[in-house]
Amino acid sequence: MTTSEAALEGKRRTAVGEGVRIFKMAAWLGWQAESNWTDPWLFVIYSVIKPVAGTLILVLMFAVAGRGSAPELFWASYVGNAFYIYVGQLLWGISWVVLGDREHFQTLKYMYIVSPSMGWYLVGRAAAKFFVATIAVLIVLGFGAWALGIPVTVRGVDWALFWPVFLLGIVSTAALGILLAGVSLISSNHGAMAAESLSGALYLLAGVVFPVDVLPGWLQPVSLALPHTYWMEAVRRAVLGHGISPMLQQVSEGQILLILALTTAGMVLAGGGFYRWAETLARRRGLIDQVTWN
Amino acid sequence: MKAPPGSPARAWWDWKYVRWLLELNLRAVRARAYVRVVATGREIMWLLWEVLLPFMATAAYVFIYRALNAPPAYLGFVILGGAMTAFWMNVLWAMASQFYWERYSGQLELFFASPASLMAILLGMSAGGMFMTSVRAIGVLVLGSMVFRVEYAVAHPWLLAYTFLVTLWALYGLGMLLASVFLLYGREAWHTSNLLQEPVYLVSGFYFPVRALGFWVAAGATVIPLTLGLDAMRQLAFGGSPWAIAPDAVGLFPPGYEATALTGMAVLFIGAAYKALGRMMWAAKVAGTLALKH
Amino acid sequence: MSTSETRFQVDHRPRPAGLAIRTENLSRVFQVRRSRKWPRGRRVVALDGVNLEVAEGELFGLLGPNGAGKTTLIKILSTLLLPTSGRAFVSGIDVARDPFGVKQRINIVSGGESGGYGILSVRESLWMFSQLYGVSNRIALDRIDRMLKLVGLEDDAGTLISKLSTGMRQKMNFVRGFLSDPDVLFLDEPTLGLDVTTARTLRKFVREWMAERPGRTVLLTTHYMAEADELCDRVAIIDRGRILACDTPASLKRQIARQAVLRLEVSSSDGAGLSQADLARLKDQPGVREVAARWRPEAGRTVLTAILEADGAIPGLVGGLSGLGLVVHSLAKEEPTLEDVFVKLVGRTLAEDTPTNNGDHDSRNGTLPGDGPEVGVGGAGDGEAAAGGGAADESAAR
Ligand SMILES: Nc1ncnc2c1ncn2[C@@H]1O[C@H](COP(=O)(O)OP(=O)(O)O)[C@@H](O)[C@H]1O
Ligand SMILES: [Mg+2]
């Protein structure tokens, strides 16, 4: 480690206040970039049109093939799909910070100059994404309750279960996003697709819209190792009063919370650790300002 | 510089001039396509990532139909749709938004200042994009068909192949048109691209037969070439004949008509792209908006 | 291959023989969109009645500070931009009427270019651009290898562009401009931000390329006076969209040879630079023609360039400086440079940006009243302003 790097390292450890400052700035920046509330059109695109269209795909699939299935299955799918908006938005949002800033604005290197660690910057940008997603989730749930008769009411939600579960789920998703940002940092433009692809893969593995029981036997252990599987299950229980998977029914709420907490902790360690490694690699190889699009 | 002695007049009836013009622009097409083709080869690891993860996202939709005990052909519909999403993504992010990004990087001016036509650049981008994306789409298709044991019944392979190709050209023709339109009217291309993602997945029936939307909505959605293309390919892949609607495939129109319409759309969109390009170039020269830096 | 080298043209009008570039009263006004600072939008006059004639085979320089209108002129000549009024001809072809005819004969390189698709190698990227000019593969690859060697990039021909340093990237872009063997080449600040050695390599390259085939013409813009002086056959000095002088470097400098050019380094006790008012007071001293200042934050000093009627005015100027509470660290009488010519014509140094010309004002000298950005003399003296000024000056101070 050179002396300047050592100095940087020291600064990084002492600079929590600095981190908070960057967090605030990044949240504000993200706010500007992603949820320009002065522009109602952008709000409509991200918080209404995209999520509602995505939801309607699911609704139509049930409409063409779901005759005769129990309504609970549809409700549970719908609620899972609604909360999954967070995953799509956060994964895309966080990794896009790296790509967009690097490739299209070519400003990433400047962020590196002002900020001791990109981590805070990413978390700050994620906070802005979180707000956009929250509004989308509320709109989708409201639409479901109003137009599709999904039994979601404010009174009916088990808030004591909901809040801890919700928090853990968001944290683990953000951690995954940071991991993905690390991937983007050391890889090429294809990383843009990676967010899309990863959230698609999670959609499958976490049993967001169908019971994990229908997955082939060899895939189920993978599914059961992911925090998102428990997150979805627990959110459904809190919001609807029932889950979707017969297999997970045997797990109590307390157990789910415990597993969720443990897997989330694992995700945070993995995401943070990988990101640090990627950042070091990127600095060493000078990948920060690479432009790889074609 | 004086004109080279004995150089022919610049006129359409002069074969030497036409041949020179043709050669210049074909070289440009090849060169621009080369960039994307070579990118595919250089990022072979990413290709794996790009096939495997989109495949998993598609599989999620397959499992919904499994959970609902849908007829087996639906699995094939979803896999075909899932494979074709890659093209729509490519058209949005690497065609429609491309000039926007080329402008950011200053490349647009270089293209503009060269004697080659920008139309040649667009055609090259299309050809390269089609190739690159076909690798991914075919990967998803083959993998999906094998894993879920989809049985196709193709009675008219040539019509199916023609439909596929003409769908791509109509689609990329639309992309070429949007490239200029985004630059002319779009404030920020990626917002528009984002807007056109899920809603098009919905109305073009990527994950369910488009007929389910009701005839008039589906007919309206045919402005996006993928709607007709998917509908025709689904019918032709599952035993449909050219001039009748295949009832099992819940077809919208007979595939022969759809292929004919797609041919017209390809010509129309590419023609419109040429016109739009002219307008865009003129507007940019008048307003001085070809580059962002000045 | 001869077919790919052939060019086609139609002459729209008889042209004066031997002129590569000609402009007639060329003007360009930009309509800038509304913003917070300019709620009603504004008009920027980037070029204001420019008349230029560049002969075939000439290496012609356009010297002016940032914002003077150099890039705008090049964009019009290379058909990327339409003039608001006036006309321009390249190789006798009207750029507005027959852009295709012009494009076949020209190429452009601009210094700030980020350039190329990251996944391509240097050679591939250059090949790609050569194809847009219809150059056959054999000729293109041949030229690429030869020119990469000339700029010292031959070992990196296979390196991916995303792995190149800024300097290497700029060299690559530079080579790109020559691949189509243009009749007229536009170089827009080609050495911007490059280190001295690289800049020298590129300048040498240009000179050799010009010598290789007579009739090749280069229009080079720069805000480095040394570059214009050393490289160009003739130089036009441009500011606020107007050509203020146009001649060989030697004749331009001769204009002020009878006057004294002084270079002074001064500092004040409070560490601040000079304000605009200070400069005005110095200019009022008898015998002082012009005074311009450049703040050097690293030294905490200001470098003054003063043009005097005669040596006799020196004591008056020094007296004026002590009157302002400034300490003079050094004083030297110098051979005039192109920068001094610029200072004499404009009253600013080349490092300072052109104040925005709104078109409403018609003053040639001095700052515009009101909204124009302040002239960059470090008057404020606080740390951040000084650092900012330093960054802006960095490239000019090479
Ligand atoms: N596309 C544009 N839109 C608005 N203003 C512009 C544009 N291009 C240049 N300008 C303005 O025109 C003036 C001259 O710019 P430019 O030709 O780039 O100067 P130079 O190249 O000498 O630095 C500047 O004030 C600049 O801000
Ligand atoms: Mg310029």
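This is a predicted model: local features need pLDDT of at least 70, side-chain atom pairs count only at pLDDT 80 or more; totals for chains, interfaces and linings use all residues.

## How chains C and B meet

On the residue count, chain C puts in 50 residues and chain B puts in 46.

What about charge pairing across the contact? The count between chain C and chain B comes to 1 salt bridge. Lys75(C) and Glu109(B) form a salt bridge, and their closest N and O atoms sit 3.2 Å apart. Polar contacts are also there: 14 residue pairs across the interface of chain C and chain B, counting pairs with both residues at pLDDT 80 or more.

## The chain C side of the contact

Which elements of chain C touch chain B? Helix 1 (2-5), strand 1, helix 3 (99-103) and helix 4 (122-131) of chain C each supply at least two residues to that side. Helix 4 of chain C gives the largest share, 5 residues.

Sorted by class, the side of chain C that touches chain B holds 19 nonpolar, 18 polar and 13 charged residues.

## Who surrounds ligand 1

Now for the ligand. Ligand 1 has residues from both chains B and C around it, so this is a site shared between chains. There are 14 residues around ligand 1, and the ones that come nearest are Gly288(B), Gly67(C), Lys70(C), Thr71(C) and Thr72(C).

In terms of elements, strand 1 (19-32), strand 2 (42-55) and helix 2 (70-77) of chain C each bring at least two residues to the shell around ligand 1. Helix 2 of chain C has the largest share of that shell, at 3 residues.

## Polar atoms around ligand 1

Where do the polar atoms line up? On the chain B side, a polar backbone atom of Gly288(B) is 2.8 Å from a nitrogen atom of ligand 1. Over on chain C, a polar backbone atom of Lys70(C) is 2.8 Å from an oxygen atom of the ligand. Thr72(C) uses its side chain instead: a polar atom there lies 2.5 Å from an oxygen atom of ligand 1.

How much of ligand 1 does the protein cover? Of the 560 Å² of accessible area that ligand 1 has on its own, the protein covers 84%.

## Salt bridges elsewhere

Zooming out, a search of the whole structure turns up 32 salt bridges over all chains. One of them pairs Glu23(B) with Arg27(B), with the closest N and O atoms 3.0 Å apart. Both Glu23(B) and Arg27(B) belong to helix 1 (residues 15-42) of chain B, where they are 4 residues apart, about one turn of the helix.

How values were computed
Residues are numbered from 1 along each chain as its sequence is written. Chains are lettered from A and ligands numbered from 1 in the order in which they are written. Side-chain values use heavy atoms; hydrogens and water are left out. A residue is near a molecule or strand if one of its heavy atoms lies within 4 Å of it. A polar contact is a pair of N or O atoms within 3.5 Å; within protein, one must be able to donate a hydrogen and the other to accept it, and residues adjacent in sequence count only if both atoms are side-chain atoms. Accessible areas come from the Shrake-Rupley method with a 1.4 Å probe; for residues, only the protein chains shown count as cover. Contact means heavy atoms within 4.5 Å. A salt bridge is a side-chain nitrogen of Lys or Arg within 4 Å of a carboxyl oxygen of Asp or Glu. Ala, Val, Leu, Ile, Met, Phe, Trp, Tyr, Cys and Pro count as nonpolar, Asp, Glu, Lys and Arg as charged, and the others, Gly among them, as polar.
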